[in-house]
Amino acid sequence: TIICENLILPKLKDKFRLTENSVSLENLKRCLRGFAEIAKKTLSTAASVSIDIYDIGQDMNGEYIELSITITREEFEYEIAGIVDSGVKLAQKSLTEAKISADKLDKILLVGGTTLIPMIRQRLCDEFNVPLETSIDPITVVARGAAIYGSTNRVKEELPIQENVAAKLTAKIEYPAVTCEKSVNIIGKL
C-alpha cells in the first residue's frame, strides 16, 4: 500500500538497516500492512496518527524493529493525490460514456472503505457538484446489495437425485456472472 511503501518504510530505513533481499523485504512489507491499514482508517477521522510498530522482526544488525511513527493526513493526501485524480477521471469517463451529465445525478452513492477518506469525498463534491449519499455504510453496502440480489435468484430446475448416490453424484449449476472477481463462491442445495 501507499502508506506502507511511501510513509512507513522510509522512516524505518532511516533508523534500521533493512535487508535488500526482495523476499525478506516483501515479508517486512506484509508485516507492515496491518499498521498501514490502521493508519489509513484513523486518518479518515483524525489529522494525524501515531502508530507503534513492533513484533515484525530484526534488522540486519540483529536489532529489533520497533518504532513509533506519526503520519499526518496532509502527508497521506499528498501520497494519494494521483490515485484520487485517476479515480475522479474514471468517474467522469464513465458518465461521458453513459451519456449522462453530472447535473442529472441526484446523488453519489459511496462504496468501499476508501470512500471514508475526506479528500475523496471533497474531490467528488467539487468535481460533480452532487450531494454524497452518506446515510448508507459504504463498507457494507456492496454486501447488502449482493444479499438482496442473491435472494431474488432461484435455481431454475430441481436437480435429479440418483438411486446410487454413493457411486456417482452430478450437479449442474447455472448462475449469471455478475462480478468482476476472478472467482466466486457458489452456494447450493442437493
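**Group meeting: a walk through the predicted model**

Let me start at isoleucine 71. Leaving out residues up to four places away in sequence, Ile71 touches Ile3, Leu7, Ile8, Lys11, Ala39, Leu43, Ser48, Val49 and Ile51. Contact here means heavy atoms within 4.5 Å.

Some ground rules. This is a predicted model, with local features needing pLDDT of at least 70 and side-chain atom pairs counting only at pLDDT 80 or more, while totals for chains, interfaces and linings use all residues. Numbering runs from 1 along each chain as its sequence is written, and side-chain values use heavy atoms, with hydrogens and water left out.

Now the core. Ile71 is one of the residues that touch the most other members of the largest nonpolar core, alongside Ile8, Leu12, Leu32, Ile51 and Ile53. That core has 38 residues. By nonpolar core I mean buried Ala, Val, Leu, Ile, Met, Phe, Trp, Tyr and Cys residues joined through side-chain atoms within 4.5 Å. Buried is under 20% relative accessible area, exposed is over 50%, and partly exposed is in between (1.4 Å probe, protein chains only). At least two core residues come from each of helix 1 (2-15), helix 2 (22-43), strand 1, strand 2, helix 3 (73-97) and helix 4. Helix 2 gives the largest share, 7 residues.

The overall layout. There are 5 helices and 4 strands. The order along the sequence is α-α-β-β-α-β-α-β-α. These elements are DSSP runs numbered from the N terminus: helices are H or I, at least four residues, and strands are E, at least two. The chain has 190 residues, and 24% of them count as buried. Of contacts between residues at least 6 apart in sequence, 59% join residues at least 24 apart.

Next, charges. The count is 9 salt bridges. The rule is a side-chain nitrogen of Lys or Arg within 4 Å of a carboxyl oxygen of Asp or Glu. Which one links distant parts of the chain? Take lysine 107 and glutamate 133, at 3.1 Å, N to O. Lys107 sits in the loop between helix 3 and strand 3, Glu133 in strand 4, and the two are 26 residues apart. Glu133 counts as buried, at 14% relative accessibility. Lys107 is partly exposed at 49%.

Two others stay within a helix. Glutamate 37 pairs with lysine 40, closest N and O atoms 3.6 Å apart. Both lie in helix 2, 3 residues apart, about one turn. Arginine 123 meets glutamate 127 at 3.8 Å. That pair is 4 residues apart in helix 4, so about one helical turn separates them.

Now threonine 115. Where does Thr115 sit? It is in the loop between strand 3 (108-109) and helix 4. At 10% relative accessibility, Thr115 counts as buried. A polar atom of its side chain lies 2.6 Å from the backbone oxygen of glycine 112. Thr115 also touches Leu110, Ile120, Arg121 and Pro138, again skipping residues up to four places away.

Aspartate 55 has phi near 55°, positive in a residue other than glycine. Asp55 is in the loop between strand 1 (48-53) and strand 2 (67-72), and is exposed at 67%. Asparagine 129 has phi near 50°, also a positive value in a non-glycine residue. Asn129 is in the loop between helix 4 (118-128) and strand 4 (132-133). At a relative accessible area of 70%, Asn129 is exposed.

How values were computed
A polar contact is a pair of N or O atoms within 3.5 Å; within protein, one must be able to donate a hydrogen and the other to accept it, and residues adjacent in sequence count only if both atoms are side-chain atoms.
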